[in-house]
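Please open the model in your viewer and keep the selection tool at hand. The tour below moves from one selection to the next and says what is there at each stop.

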Amino acid sequence: KNKVVDSKKFELELRVKDKGPVRDAYVFLGDEKVFYKGIRNKGATDSLIKTELQLEPGINTITVVAREDDEFAHREVLNIFSTKGDPFAEKKK
């Protein structure tokens, strides 16, 4: 998934849903963990995650991980291209 924004910030909002329990969810911006939420429920999971990310000019890779346990996790990757502060992207406008 890719997205282009003209901002130094990005509001990430997503829902973690599963028919069973989810232990936790976390977000990486590049290789830096920028968000963590412990969920630890017993039954079905339906949890909202909202966080504001500070973007660098150019490509920003966001990885969201939802973990059921130590052996099973689901991962989604989103690439956000920020034109703010990028001299090459700003010239194309």
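With which residue does Lys-9 form a salt bridge, and how far apart are the closest N and O atoms? Select Lys-9 together with Glu-52, for these two form the salt bridge, and their closest N and O atoms are 3.9 Å apart; the term stands here for a side-chain nitrogen of Lys or Arg within 4 Å of a carboxyl oxygen of Asp or Glu. The pair links distant parts of the chain, with Lys-9 in strand 2 (residues 9-18) and Glu-52 in strand 5 (residues 45-54), 43 residues apart. Strands are DSSP runs of E with at least two residues, numbered from the N terminus.

Before moving on, note that this is a predicted model, in which local features need pLDDT of at least 70 and side-chain atom pairs count only at pLDDT 80 or more, while totals for chains, interfaces and linings use all residues. Residues are numbered from 1 along each chain as its sequence is written, and side-chain values use heavy atoms, with hydrogens and water left out.

Now colour the pair by accessibility: Lys-9 is partly exposed, with a relative accessible area of 45%, and Glu-52 is also partly exposed, at 43%. Buried means under 20% relative accessible area, exposed over 50%, and partly exposed in between, with a 1.4 Å probe and protein chains only.

Stay in strand 5 and select Thr-51, which counts as buried at 11% relative accessibility. Leaving aside neighbours within four places in sequence, Thr-51 is in contact (heavy atoms within 4.5 Å) with Phe-10, Glu-11, Leu-12 and Phe-35.

Next, select Asp-70 and Arg-23, whose side chains meet in a salt bridge at 2.8 Å, N to O. Asp-70 lies in the loop between strand 6 (58-67) and strand 7 (73-82), and Arg-23 in the loop between strand 2 and strand 3 (24-29), so the pair ties together parts that are 47 residues apart in sequence. Asp-70 itself is exposed, with a relative accessible area of 64%.

Arg-67 counts as partly exposed at 21% relative accessibility, whereas Asp-24 is buried, at 1%. With these four residues displayed, you have one network, as salt bridges that share partners join Arg-23, Asp-24, Arg-67 and Asp-70.

To finish, display every salt bridge: the structure holds seven.

Key. Helix = DSSP H or I, 4+ residues; strand = E, 2+ residues; numbered from the N terminus.
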